[in-house]
Amino acid sequence: ERGNLLRKMLLNNYLQNKKSSSKGEIADAAGGGQDQDWSAIAAVQCRLDREGATKLVADLIMNTKNEKIFQESILLAIRLLDGGNTEIQKSFYNLMTSDKKSEKFFKVLHDRMKKAQQETKSTVSVNMSDIGNKPREDKDDPDPVSKGRGDTFLMPGTPSRYPMAIGFRKGHDTGEQGQNNEMGVTVLIMEPILRFLQLLCENHNRDLQNFLRCQNNKTNYNLVCETLQFLDIMCGSTTGGLGLLGLYINEYNVALITQTLETLTEYCQGPCHENQSCIVTHESNGIDIITALILNDISPLCKYRMDLVLQLKDNASKLLLALMESRHDSENAERILISLRPQELVDVIKKAYLQEEECENAEVSPREVGHNIYILALQLSRHNKSLQQLLKPVKRIQEEEEEGISSMLSLNNKQLTQMLKSTAPVQEEEEDPLAYYEKHTSQIEIVRLDRSMEQIIFPVPGICEFLTKETKYRLFTTTEQDEHGSKVSDFFDQSSFLHNEMEWQKKLRSMPLMYWFSRRMTLWGSISFNLAVFINIIIAFFYPYVEATSMGVLDSPLISLLFWILICFSIMALFTKRYGVRPLLVALILRSIYYLGIGLTLNILGALNLTNKIVFVVSFVGNRGTFIRGYKAMIMDVEFLYHVGYILTSVLGLFVHELFYSILLFDLIYREETLFNVIKSVTRNGRSILLTALLALILVYLFSIVGFLFLKDDFILEVDRLPESKAKDDPLGMHRNMETFMESCSSDKISCSAVPTALEETEADQWERACDTLLMCIVTVLNHGLRNGGGVGDILRKPSKDESLFPARVVYDLLFFFIVIIIVLNLIFGVIIDTFADLRSEKQKKEEILKTTCFICGLERDKFDNKTVSFEEHIKYEHNMWNYLYFIVLVRVKNKTDYTGPESYVAQMIKNKNLDWFPRMRAMSLVSNEGEGEQNEIRNLQDKLNTTMKLVSHLTSQLNELKEQMTEQRKRRQRMGFVDVQNTMNH
């Protein structure tokens with residue numbers, strides 16, 4: 001026995017040292033370092049399991065008679081299972097099923113529970129004088145154990161869970177006095193036992209959940225019912241104290257009751273329908289106790305330890321939710337509603353909301369507890385109309401009443417309707433608790449593996465409120481459909497980016513200046529574009545500045561008159577709020593030009609534009625969170641590079657030359673979607689256009705070769721030479737000499753035969769040969785052939801019909817016209833026009849889909865005609881796309897050990913990137929009541945059939961065992977009879 005104790009303590013110390021070396025006590029935060037810490041702990045747990053720690057724990061629990069060793073064995077088992085280690089769970093399950101040790105193992109735990117129940121029954125009492133003194137004792141001598149929080153067994157990722165075990169250790173060392181006189185050793189050991197049972201079922205281990213209820217042995221020990229019975233006894237129901245919970249629950253046993261609730265919750269989640277039914281249908285007052293924990297104040301404990309009371313209510317509400325989890329029937333909900341009064345439940349929700357200000361620094365937030373109870377009330381309201389009516393916020397009830405009055409009176413007058421609405425007193429002093437919880441609660445529908453649909457109600461994570469409207473609009477309008485017409489795939493792919501953006505926006509709130517700039521990004525962009533337009537208008541009117549000054553434009557009284565007209569117009573515009581401040585800016589620019597000059601005004605506007613664009617880029621980066629995505633992401637971000645190029649162009653315009661500002665006008669393409677589609681019509685099918693252009697180039701090359709070989713003399717083009725070149729080639733003196741020569745010839749009556757030759761030479765200077773080389777021929781055909789409507793034939797020499805090559809010229813010109821001009825060029829134009837038409841039709845189709853199709857399931861509006869739920873209600877409440885995003889974020893930020901059954905299922909599907917949990921062409925509201933009833937009936941019959949088959953197999957195994965025992969007894973009797981016969985013969 002001493003050897004076993006030494007071995008156990010060495011293993012425990014080894015594991016504890018390993019865990020204490022991990023990153024502190026970061027526990028409840030679902031941060032990034034959590035996975036690393038748990039991976040290191042899980043590795044140590046698995047190593048100890050391979051070395052036989054699991055078998056050691058089981059043997060010690062079954063065989064030890066020493067209370068100290070039993071307690072340490074339970075604590076070591078907890079350490080091995082902590083964090084939901086599935087390998088250790090599997091090892092425990094295999095150990096229990098393979099070696100047939102489960103009967104003895106569970107008998108030990110069952111007997112412990114029975115002893116704790118008996119001791120609680122015999123020792124529980126109500127001492128009013130002690131209760132009255134508790135607050136004073138707590139203030140005078142605060143005991144860390146009595147607070148329900150100890151650090152001896154604190155694990156990363158989990159709060160301290162063993163105050164009773166610590167008290168047991170103290171009680172064991174110092175006698176039976178321990179921390180109080182009401183709870184003995186037998187009761188104190190229950191908390192680590194219940195924690196151990198909870199960890200066995202962690203991560204919704206269905207096999208162990210069922211195994212704790214039924215072991216398929218000769219004697220089955222239902223630990224699920226025993227745990228519920230223990231809760232019932234702890235809360236004093238057997239002594240008639242159902243309505244007086246505060247007299248039985250105190251700061252010493254509240255941690256044990258909380259642990260009992262958590263263990264019962266883990267029994268049911270997954271869901272495990274058998275355990276749910278087992279708890280609900282149990283003969284004890286367990287359900288009544290759980291509902292009473294939520295509804296009652298638990299006084300006097302609430303007066304000095306409100307955090308413990310809130311934690312108790314929180315766990316009680318989670319247990320009731322677990323009992324109804326993934327149930328398609330209403331039996332459990334109706335059983336809960338029997339002992340739950342709707343008005344009291346709503347009052348508890350409102351009270352928890354209002355307690356937030358009183359408990360600002362508490363570990364447990366009253367508002368979060370109220371939120372969980374509100375979700376419980378929503379689940380129950382499906383089966384209780386009065387509760388459903390009570391949960392409606394005051395504002396919504398008023399709106400429904402106003403709508404009812406309007407419809408009854410058939411008020412078509414909007415002004416009269418508005419007057420009726422405005423007569424109701426507006427209460428903005430306090431926010432309605434129910435309105436707050438309704439705003440922060442969402443619901444979705446998911447599809448299970450058996451293709452059944454389930455509705456989930458969940459609290460919206462606080463980080464989701466940082467998702468910006470711009471991002472929502474961009475995601476809603478740009479999410480693409482896959483080959484099946486579903487947008488879910490692209491939507492899911494962007495969920496990680498959206499979550500990161502929420503994190504960044506939350507961080508951005510801590511930087512007020514950056515946040516102020518980023519919130520006004522649209523304003524900075526509009527100012528940049530307007531400044532660019534004003535700068536280019538000034539350049540267009542007054543550049544170059546010397547000529548504008550010499551023309552007397554600046555000295556003209558017209559500018560002054562225009563200035564005062566714009567001032568008056570801008571004042572009127574400001575009052576009417578129609579044209580904004582643009583007229584005033586134009587007036588100020590004109591005044592600046594008049595007083596400061598054009599150059600200085602341009603420099604001022606350019607500096608303002610550059611500064612404003614830098615502010616825009618800062619707000620752009622701040623809004624998108626480009627800083628935290630790394631340099632590679634910044635370089636790959638096309639929008640970011642575009643804005644950087646805009647800044648560089650502004651710098652060139654300010655410091656190099658003013659004409660660079662003209663490039664900034666291309667910002668109109670970025671701002672206007674219609675113009676962007678025009679450009680996109682060319683770039684979208686750029687490959688087709690380029691290939692067609694390459695074909696045209698090949699044809700031009702072939703026609704150039706034919707022209708070079710056969711029609712070289714026809715490529716004579718008329719040219720207009722510059723005056724300087726004419727002065728050099730044909731001086732003015734030569735022209736005067738020619739006139740003098742003509743006059744002398746006419747006076748002397750001499751034939752001037754040389755004159756036509758000179759004139760021909762002068763005319764010949766206006767013509768050039770354009771096809772003396774193949775390259776020159778290609779350039780001519782490409783330049784003039786494509787730009788002329790009739791092709792290259794329009795610029796060639798016009799031949800006579802008597803020439804031998806006249807037919808060839810006709811064929812050449814016609815072929816070029818039909819092949820290149822009509823066919824090839826129109827092919828290019830057709831591709832561009834068709835692309836633009838496709839873009840327009842796609843845009844119209846996309847807008848139509850957004851208006852008439854559900855984003856999640858893809859059902860069209862007409863499917864909801866004449867149904868109980870309209871299409872608008874469907875996309876707002878049932879299949880709201882943002883609710884699905886919020887649920888994905890919830891699964892990612894929530895600790896995996898706190899998952900409910902549906903959350904665990906969706907988390908696994910997300911991990912596998914399986915999107916089958918999204919409803920496709922289905923909605924629960926479209927399922928008729930008859931069909932739903934048939935499905936429920938089929939499902940119930942299937943469950944009953946499975947239960948019957950299990951029972952038959954169990955009875956068969958028992959019969960076989962009984963048969964073997966009978967055979968063994970018969971053989972033993974035969975042997976005994978044979979021995980008796982021999983003895984008789986010997987005598």
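In which loop does Leu859 lie? Leu859 sits between helix H43 (806–852) and helix H44 (871–878); helices are DSSP runs of H or I of at least four residues, strands are E runs of at least two, and both are numbered from the N terminus. The model is predicted: local features need pLDDT of at least 70, side-chain atom pairs count only at pLDDT 80 or more, and totals for chains, interfaces and linings use all residues. Residues are numbered from 1 along each chain as its sequence is written, and side-chain values use heavy atoms, without hydrogens and water.

Leu859 is buried, with a relative accessible area of 4% (buried means under 20%, exposed over 50%, partly exposed in between; 1.4 Å probe, protein chains only). Its contacts, not counting residues up to four places away in sequence, include Phe864, Phe871, Met921 and Leu926 (contact means heavy atoms within 4.5 Å).

Residues 814–837 are 100% helix and 0% strand, with end C-alpha atoms 32 Å apart. Residues 644–669 are 58% helix and 0% strand. Their end C-alpha atoms lie 16 Å apart.

Glu501, Trp504, Gln505 and Leu508 in H27 meet Val621, Gly622, Asn623 and Arg624 in H33.
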